[in-house]
Amino acid sequence: MNNYGQYTYPEISAQSDALKAAWEQLGQQQSWIDQYLANPAYDEVIFIGSGSSYYQALSMASTYRVWLNRPATAYPSSELFLFREQTAPAGRNYLVIGVSRSGESTEVVLALNSVKELQGFTVAGITCYENSTMAQIAPSLVSPLGKETSTVMTKSFSSMTFMMQAAIAKAAGSAELVSEMEATLRLDGNVVKTADSYIGQVVNGNQFNKFVYLGMGSLYGISLEACLKIKEMSYVWTEAYGTLEFRHGPKSIVEPGTLVCLLLSEKARGYEIKVAEEMKQFGAFVMIITAKKGTDLDFADAVFEIGGENVSDEARAALYLPALQYLGYYTALGRGVDPDSPRNLTQVVKI
């Protein structure tokens, strides 16, 4: 009997508590929200991160643009550090927000240090470690229960993504958006519980040799993270695409034995379902993660309902993550791989 996943499994399972702690912490950091996200002085916000942190930066930037109606972009930390003239052209006033679980990633620290003293740049951050190097450089939101032992990001990703989105909702001064984030918080515990058993059954009952994740809007970054999760934990062949973009060439890889997992939005539901139906015709096993089941999804091989059909796609982002994380975990176990200790990886990447 091995002890595979002894850290990863409880960390995935504890993400609901991590979200609650992040929400409570946010109530103590209103001044951060006012000083940075709600501050109209910035022409553009740039979210930076590496690996998983970059993928959540994409979702954070998307949420910021929609909810605050102001410019925001996301880049890998190294792009800002090494190609600043392309990522942040001179003559604008930027807020750069570093995203890092540990706050110790070399690239995010280098990037923030490279701009913090420059005219037109202000730096801030979000992390799980309040005493980290990044937190000392850039005043940061802190997800207190996001700290992890496992190499792979799970509850840290969920809680940091939720926390930044909640901060953006508060910066917008919108009671409706804040209410949406509260709804996500209430739903998350049950989603974590039901995702565990549901995904375990899907993995144990099937053999997949390819994995494809599809998502649009704020869910595109989540699809990239899902792709990375199963790749890190299980060493399987996997890719992620914008849902409709997958039809333009990449769909040629689909064949029996391919799992196509669609993170279904409500905004583009009809269009995305057409893509999933096409992949089913090509022989894929189609799994759809959706706010609400309906007869329009009867063709799918697996449908996991997360709820939240009355909130925006952005606010629902964290609810897609438990199923995606468990998918990586159970696939790893099925392949005899320990998700706690992925080969070639360390929890903190340093140059």
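## A buried serine and its surroundings

S265 is buried, with a relative accessible area of 5%, where buried stands for under 20% relative accessible area, exposed for over 50% and partly exposed for what lies in between, with a 1.4 Å probe and protein chains only. The model is a predicted one, in which local features need pLDDT of at least 70 and side-chain atom pairs count only at pLDDT 80 or more, while totals for chains, interfaces and linings use all residues. Residues are numbered from 1 along each chain as its sequence is written, and side-chain values use heavy atoms, with hydrogens and water left out.

The protein chain has 13 helices and ten strands, which are DSSP runs numbered from the N terminus (helices: H or I, at least four residues; strands: E, at least two). Its radius of gyration is 19 Å, close to the 20 Å that the globule rule gives for 351 residues, so the chain is as compact as a globular protein of that length; the radius is taken over C-alpha atoms, and the rule is 2.2 Å times the number of residues to the power 0.38. Of the 351 residues, 60% count as buried.

S265 sits in the loop between β8 (258-263) and α12 (269-281), whereas S143 sits in the loop between β5 (140-142) and α9 (155-171). S143 is buried too, with a relative accessible area of 0%.

|---|---|---|
| S265 | 5% | L219, E272, D313 and Y320 |
| S143 | 0% | A18, A22, T127, C128, S159, M160 and M163 |

The side chain of S143 also makes a polar contact with the side chain of S159, at 2.8 Å; such a contact is a pair of N or O atoms within 3.5 Å, where within protein one must be able to donate a hydrogen and the other to accept it, and residues adjacent in sequence count only if both atoms are side-chain atoms. For S265, a polar atom of the side chain lies 3.1 Å from the backbone nitrogen of A268.

Helix α7 (residues 106-115) is mostly covered, with seven of its ten residues buried, namely T106, E107, V108, V109, A111, L112 and V115. These buried residues pack against β1 (44-49), α5 (77-82), α6 (84-87), β3 (94-99), β4 (121-127) and α8 (133-137).

Notes: Contact means heavy atoms within 4.5 Å. Lists of a residue's contacts leave out its neighbours within four places in sequence.
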